[in-house]
Every structure is written in C-alpha cells, then in structure tokens.
Amino acid sequence: MEKETLVSSSSSSSSWGADPPPEDCWIEAHRELLPRWRSLRESSQIPFSCLFITQQTPIPISISRVNQFDAARLDVEMTAMLKEQLVKVFSLMKPGFLFQYEPELDAFLEFLIWRFSIWVDKPTPGNALMNLRYRDERAVPTGGKEGAQLIFLNCFTSDSVRTGLEGPGLSVSQKIWYCLTTVGGRYIWSRLQSFSAFRRWGDFEQRSLGRRLWLLIQRVEGLYKAASFSNLLIFLYTGRYRSIIERALKARLVYGSPNMNRAVSFEYMNRQLVWNEFSEMLLLLLPLLNSSSIKKFLLPFSKDKTSGSSSDESECPICHANPTIPFVALPCQHRYCYYCLRTRCAAVGSYRCARCNEAVVAIQRHGLGEGRTSKN
C-alpha cells in the first residue's frame, strides 16, 4: 500500500514537471486579486467604531446650566457697562434728556451686540467667556437610518474624534427672528407699557377701549411669565433652551470647544479674604477698646501735657458735669463725682487720673482734709 502511494506521488511530480504553467499566469492572478486587495486595504482604514454602526443616535451631551445662566448675566452686565459709557457722552446735556429715550438706547446697544456676535456666527461676550455657542438643533441628526448614514459618512470625512458638539450654527432666518424677538420685541413691549402707564389706561371705565387694552396687556404679561416659569423648570430638568425664544427657534447652547484651558487667578480672592478677616478682627476688637484709657496712655507722650488741666477743674473729668457727692483722688487731689470715680476704680485695677495720668491710690470726700479714705 505504501509502495502504491509513493509511486503515485512520484508520477504526479513527474507530470507537473513535464507540463509547467504559462509564464504570464502570475499576471492574470494579480489582475484577479488586485480589486480584492484594494477593497481590503480601504476597509482597514475605516475607524473601528464605524464598522458597527447600524442605527446609532447622536452622542448625548450635557451642557452646564450654571454656565448658561452666567452667560446671560454677563451679557446683561456688558450691556449695562456700554450704557454707562454712552450716558457719560451726554453728561453735559440737559438733565433727563436720555431718560425719555432709554428704551431706544437699550435696543440700540442690544442690536450692536447682536450685529457683531450672532449675525457673524460669533458668540456673544457672555457666551464667549463661558465657552458657549449657538447651534441649529434642527440640523443635528436625530437617529434612525438617515442619522446612521450621516454618522457613517462623517467617519470618513472627519479626522477628529466625535464629541457630540458638532453641528452648524444658526441659519439666516434664525438670526433674523432672534433679533426681532429679543431686540424688537423687548423694545415694543417696554414702549407699550410706558405708553399705557402715561395714558392711564388702567383708570378708564370698564367698557372703554383703553381699559380693555390694559387688561389685555396684563393677561399677555401673565401668560408670558407663566410660560417662562414652565420653560425654566424644563430647562433645569433637561439643560436645553434656557428661554422661550431659544426653544421656539431650536437654537441650543453648546460648548464652542470640547477642551478649554481656564486661567484661574486667586489674587482677587486672596485679597478679598484678607480684607474680610481684617474687618472681622476690627469689629471684634473695637468694642473692647476703651478710648479714654488709650487717651490716657498716650497723654505722657503728647507734646501738650497741659491739655488735660486746661479744662475747668471744678467739673468731673469723667462725666464733665458738676460733681455730685464730690470726692478727690489721692494723691493728685483732683475732684470727681463719687460714682464716676468709684466705678472706674472698681473696673480698672490701677486706675490713673483722667487729668494728670497719675495712679490713684485712694479716694477721699472733698473737704474732709485728713479724714477717711477709701482704697481702690
């Protein structure tokens, strides 16, 4: 059996050597395998995460609610700073000149901020400080087959890692509507309220046109406040659309850059802490200090040492009135009220005279001569 196998193998090798393949056989094999090799090479360059995409939804992102509120507050403060500088320009004009045009001034400043920030696809000053920008939420894929195809294509066209912050800015129509609602809407509403208050529509009769318009304004304002409060609750829960206007326009605030270095300086914080501690220390120590004792302590070092005796010696140097039950301090013989001198000697272990700054050893009733004395 083994002999037959060896014979068959030897016969096959001899037949192969007798009939070799053509010389261009490898060229034909190369042409057949080249498309497969290219397809495998291109598929090897696809990111690993893109090979398993079927129906992938966008990456969920969470934008800090505090940053969004801080950005709105910074925008308000920026407008107030610009308004203050603009008012200084008209400081030499008639007083109260700008008061009647205050709504127009606010609308003009808000329009300038909108024109040089949102209209040119740039963040507002507050959003820039908080690393925020507006994104058109309508253009972001919401999932399903279409969203998966867009994500799959982005894997080939984008070299950076997806963070979920991708998406176009606001469209032209969104920018225009944002300006009309924020700038124009606030201006018209403020002017309407001032006009109704000036005309006293609320004091008209019940069935008059002015009264009805005033009630309509109050109801619209109440509905808007209720809607704003409801939107605030939804915003605190979801973290999207901090105002009704942003929710209606589908303009969402997202981070402008996924990575942002924060230059934190503790200089002003340390200075504030030092002044705070210093003020608390003064508030603690000042009530404990006795001004009269400090004055007496500094009296020997003063140049005018006779200032203490320049006043009327018939008065009590403590209460500055005529002494009731006059007593004198020994050994300086200066006259005091009994209760003034006795309480000071009892409060201070070594009381010094308020006139001469000499230590009071004992007190004596005025006019007794060498009579009874009382020690401190």
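In which loop is Asp 121 found? In this predicted model, Asp 121 is found in the loop between helix 4 (102–115) and helix 5 (125–129). The secondary structure of the protein comes to twelve helices and six strands, and of its 376 residues, 23% count as buried. Among contacts between residues at least 6 apart in sequence, 63% join residues at least 24 apart.

**Backbone features in loops**

- Asp 121 has a phi near 60°, which is a positive value in a residue other than glycine, and this residue counts as exposed because its relative accessible area is 56%.
- Gln 333 also calls for attention to its backbone, since its phi is near 65°, a positive value in a residue other than glycine; Gln 333 is found in the loop between strand 3 and strand 4 and is partly exposed, with a relative accessible area of 47%.
- The loop between strand 3 and strand 4 also holds Pro 331, and a cis peptide bond, with omega at about 10°, joins Leu 330 to Pro 331.

**Aromatic rings and the charges over them**

- The structure holds eight aromatic pairs, among them the pair formed by Trp 114 and Trp 119, which is tilted, with 5.4 Å from centre to centre and 40° between the planes.
- Another of the pairs is formed by Trp 275 and Phe 278, and the geometry here is edge-to-face, with 6.0 Å from centre to centre and 85° between the planes.
- Trp 275 and Phe 278 both lie in helix 10 (residues 267–285), where they are three residues apart, about one turn of the helix. An α-helix has 3.6 residues a turn, so residues three or four places apart point the same way.
- Within this second pair, Trp 275 counts as exposed at 57% relative accessibility, while Phe 278 is partly exposed, with a relative accessible area of 39%.
- Ring pairs also link Phe 111, Trp 114 and Trp 119 into a cluster, and the face of Trp 119 has Lys 175 lying over it, at 5.9 Å from the ring centre.
- A further charge over a ring is that of Arg 115, which lies over the face of Phe 116 at 5.4 Å from the ring centre.

**Strand pairing**

- Strand 1 (residues 132–136) and strand 2 pair in the antiparallel sense, over five bridges, and in this pairing Arg 135 stands opposite Arg 252 in strand 2.
- Strand 2 (residues 251–255) is mostly covered, as four of its five residues are buried.

**Cysteines**

- The count of disulfides comes to zero, and the case of Cys 332 can be followed in detail: the closest cysteine sulfur to its own is that of Cys 353, at 3.8 Å, which is too far for a bond because a disulfide needs sulfur atoms within 2.5 Å.
- Cys 332 is buried, with a relative accessible area of 16%, and Cys 179 is likewise buried, with a relative accessible area of 12%.

- His 334 lies in strand 4 (residues 334–337) and counts as buried because its relative accessibility is 15%, under the 20% cut-off.
- Leaving aside residues up to four places away in sequence, His 334 touches Phe 327, Val 328, Ala 329, Cys 353, Arg 355 and Cys 356.

Methods
Residues numbered from 1 in each chain as written. Predicted model: local features only at pLDDT ≥ 70, side-chain atom pairs only at ≥ 80, totals over all residues. Heavy atoms only, no water. Phe/Tyr/Trp six-rings, centres within 6.5 Å; stacked < 30°, edge-to-face > 60°. Helix = DSSP H or I, 4+ residues; strand = E, 2+ residues; numbered from the N terminus. Buried < 20%, exposed > 50% of the residue type's maximum accessible area, 1.4 Å probe, protein only. Lys NZ or Arg CZ within 6 Å of the ring centre and 35° of its normal. Pairing = 2+ DSSP bridges. Contact = heavy atoms within 4.5 Å.
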